[in-house]
Amino acid sequence: MASEEAKAKVIATKAKAKKVARPEDLSVDPATVQMLKRARDLEVETIFDRAQTMKACNIGIQGTCCKNCSQGPCRLPLPKSGIEGEDTRKGLCGATPETIASRNFARMVAAGAASHSDHGRGVAETFLAAARKETKDYRIQDTKKLLEIAPDYGVDITVEGEDGEVLDRDIDEIAVEVGEKALAQWGQQTGEICTVTRAPAPRYELWKTLGVVPTGIDREIVEIMHRTHMGVDQDYENLVEQCTRAALADGWGGSMIATDLQDILFGCPYPLKSSANLGVLKEDHVNIIIHGHEPLLSEMIVQASELPEMIEYAKEKGAKGIQLGGICCTANEILMRHGVPLAGNYLQQELAIITGAVEAMVVDVQCIMENVANVADCFHTKIITTNPRAKIASGNTLHIEFDEHTAFEDAKKIVRTAIDNFTNREKEVVIPDNASNLIAGFSYEAINYHLGGTFRGSYTPLNDNIINGRIRGIAGVVGCNNARTVHDEGHLIIVKELLKHDVIVLTTGCNAITCAKAGLLTPESAKVFCGPGLAEVCETVGIPPVLHMGSCVDNSRILMAATEVVKAGGLGNDINELPAAGSAPEWMSEKAISIGQYFVASGVYTVFGGVALPVSGAPVFENYLFNELEGIYGGMWDMEEDPIKHAHKMIAHIDKKRKALGIDKARERVLVDMTDRQKLEAA
Ligand code: NFS
Ligand code: SF4
């Protein structure tokens with residue numbers, strides 16, 4: 001027994017010795033650093049520790065490990081000396097590095113598109129149930145948006161009266177038909193996904209010419225799985241074409257439909273105030289973290305937690321009230337529509353529990369680390385899974401299934417379970433006092449009204465400021481955290497560098513949460529971080545220089561904003577002509593690859609950062625993604641780990657586009673004017 005104990009001690013000491021990295025070196029976010037220190041004091045292991053002790057596989061990183069049949073895994077790492085002469089590497093079946101890497105890449109697109117789109121399908125089903133009045137918990141709220149989008153789904157909003165006059169059609173009828181049309185996009189076997197035609201006309205025509213307009217959402221994803229089976233598609237260019245179909249079915253299909261229908265069910269976001277970081281939790285409240293992605297669940301939890309009977313129940317248990325906080329994209333969804341504060345981004349999910357203040361972490365799907373269950377076991381926190389697709393076998397998790405027909409009752413049960421747990425707190429509560437103010441809720445409709453005035457929305461003022469050079473260009477900065485990089489560091493360096501060079505930033509996902517925590521989502525941050533041109537525009541219009549547009553499915557809002565900019569005129573006829581670029585500074589999930597592919601296919605130069613794209617082991621395929629795609633789509637992939645260089649690659653692309661549009665000189669004039677004015681002001 002004694003020797004067992006001694007052995008355990010040695011193992012523990014060894015584990016400790018391995019924890020070389022200081023918390024300060026793992027994140028630039030003070031709340032995260034504080035909680036990491038606490039985790040170490042309490043000997044609670046987190047992803048940050050495992051990222052130190054487990055190295056990534058060198059062949060997988062290169063994208064050249066194939067395990068698509070049991071004759072493998074066939075591993076084709078690049079030789080240390082590089083390739084001299086002909087590349088003779090082959091898998092058992094003869095698959096080249098290009099075939100293997102492109103198949104792996106395609107499967108990431110499939111998984112990413114499937115995740116976004118399965119979320120969208122759930123929304124469409126609930127929407128239809130609401131439209132048919134089969135559920136009392138959800139209803140059609142934003143009828144204005146319903147009428148706006150119905151024609152895109154081929155649904156008439158007027159009918160002809162008996163005397164040939166044009167009459168408004170019954171709104172319930174419209175809703176049912178939109179719901180049916182929307183849901184049909186998943187299983188459609190012929191034709192085109194209807195929302196794809198929202199793209200600028202030349203873009204849509206290009207897709208038609210290339211034969212990449214997606215037919216049905218499920219179909220394109222299934223086809224990737226088929227083509228990447230052993231011995232099917234062995235031509236990387238042909239595979240990338242299918243990646244485009246599936247990715248477009250995501251960005252301009254599943255994700256876009258999700259955003260549309262969520263807005264109609266829960267309200268289209270408009271700017272509102274809130275705050276961000278672990279400091280939003282309250283020691284004397286029942287704290288509930290909502291983590292995951294689908295607003296179907298979180299919307300109900302928000303409503304349930306606001307019920308007087310629930311607040312009363314919390315008080316009976318000795319709490320002052322109920323505090324909700326969001327993590328990952330669920331956080332963005334309920335922030336955008338209700339102002340519920342952001343507790344943190346992806347890499348902070350374990351750390352929220354380590355505050356000791358979380359009664360329940362309610363999760364649905366995607367980006368939920370299995371380890372939250374183990375961390376929760378060291379505290380009183382209950383992990384509550386809610387989706388039949390996503391259960392956790394480890395730890396003491398609770399499953400309370402969430403059904404759209406009994407949604408509100410389910411939500412009440414979840415909130416009550418959290419309240420009941422308030423009196424079970426075991427460890428001292430330590431909540432970091434970091435919470436930054438923010439303004440979020442910039443749907444593309446909101447940007448329209450904000451810029452164009454209340455009476456008539458328009459993107460023209462934005463275009464004017466791009467044309468006259470005050471704004472150099474537009475960047476969409478999105479995506480995850482990655483435990484292999486310093487948490488939040490890449491995000492912030494890149495965004496600040498862009499702002500400094502007068503590039504306005506549209507953000508979603510975990511980047512949006514990072515920016516929020518750093519105070520970049522406030523109008524006041526403009527004069528601190530922006531170049532003179534962008535600062536002036538933000539101050540005049542009263543907007544933050546970084547516009548929070550929502551969750552990752554809401555990247556469809558970025559596509560729509562880009563389309564609106566094209567339509568407003570003066571900046572070319574298609575998205576690839578805009579002075580714009582995309583970035584995912586700390587990408588991690590397969591969803592990011594699907595997003596990257598639909599950005600690229602939409603004409604956007606898209607740079608990934610943090611860890612490499614798994615394509616470097618197949619240089620010919622890599623070159624196809626990074627260079628040749630530009631000749632096809634006008635957009636292409638790139639990879640740059642150094643955040644400053646990363647930002648400057650985007651800026652260089654923006655300048656290239658300004659030059660092509662003939663507006664490069666205007667910017668020089670504005671900047672000369674501004675220096676003169678600043679000199680005058682200083683004098
Ligand atoms: Ni997007 Fe949202 Fe965050 Fe990455 Fe995960 S939360 S859908 S995948 S980690 S940004
Ligand atoms: Fe190896 Fe070909 Fe099988 Fe892949 S499909 S594991 S390369 S034999």
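This is a predicted model: local features need pLDDT of at least 70, side-chain atom pairs count only at pLDDT 80 or more; totals for chains, interfaces and linings use all residues.
Visitor: Which cavity holds ligand 1, and which domains supply its shell?
Guide: The shell around ligand 1 includes H293, C328, C367, C480, C552 and K591. The space that ligand 1 takes is the second largest cavity. At least three shell residues come from each of two domains, namely domain 2 (278-424) and domain 3 (442-661).

Visitor: Which helix gives the most residues to the lining of the second largest cavity?
Guide: This cavity contains about 120 Å³ of space, and C367, C480, C552, S589 and K591 are the closest to its centre among 15 lining residues. Two helices, α14 (328-338) and α25 (590-601), each supply at least two residues of that lining. The largest share, three residues, is from α25.

Visitor: How do the residues around ligand 2 divide by class?
Guide: The shell of ligand 2 has C66, C69, C74 and C93 among its members, along with Q71, R103 and M230. Cys and Met count as nonpolar, and Arg as charged. The division is seven nonpolar, three polar and one charged.

Visitor: How many charged residues are in the lining of the largest cavity?
Guide: The largest cavity has a volume of about 320 Å³, and of its 30 lining residues I474, L506, I558, A561 and A562 are the closest to the centre. Helix α24 gives the most to this lining, with five residues. By class the lining has 25 nonpolar and five polar residues, and the number of charged ones is no residues at all.

Visitor: Why does the largest pocket lie between two domains, and which are they?
Guide: The largest pocket has a volume of about 990 Å³. Closest to its centre, of 30 lining residues, are A56, I61, W587, M588 and V611. Because both domains give residues to the lining, the pocket lies between domain 1 (97-266) and domain 3 (442-661).

Visitor: Which element gives the most to the lining of the largest pocket?
Guide: Elements that give two or more residues are α4 (47-53), α5 (58-62) and α6 (97-131). The lining as a whole has 16 nonpolar, eight polar and six charged residues. With four residues, the element that gives the most is α6.

Visitor: What kind of aromatic pair do F105 and W637 form?
Guide: The structure holds ten aromatic pairs. In this one the ring centres of F105 and W637 are 5.4 Å apart and the planes stand at 75°, which is over the 60 degrees required, so the pair is edge-to-face.

Technical notes:
Residues are numbered from 1 along each chain as its sequence is written. Chains are lettered from A and ligands numbered from 1 in the order in which they are written. Side-chain values use heavy atoms; hydrogens and water are left out. A residue is near a molecule or strand if one of its heavy atoms lies within 4 Å of it. On a 1 Å grid over the protein atoms alone, a cavity is a set of points where a 1.4 Å probe fits but cannot get out, and a pocket is an open set with protein on both sides within 12 Å along at least five of seven lines; lining residues have an atom within 4 Å of a point. A molecule sits in a cavity or pocket if more than half of its atoms lie within 2 Å of its grid points. Domain bounds come from an automatic or database domain assignment. Grid points are joined across faces, edges and corners, and a volume is the space filled by probe spheres set on the points. Rings of Phe, Tyr and Trp (its six-membered ring) pair if their centres lie within 6.5 Å; planes under 30 degrees apart count as stacked, over 60 as edge-to-face and the rest as tilted.
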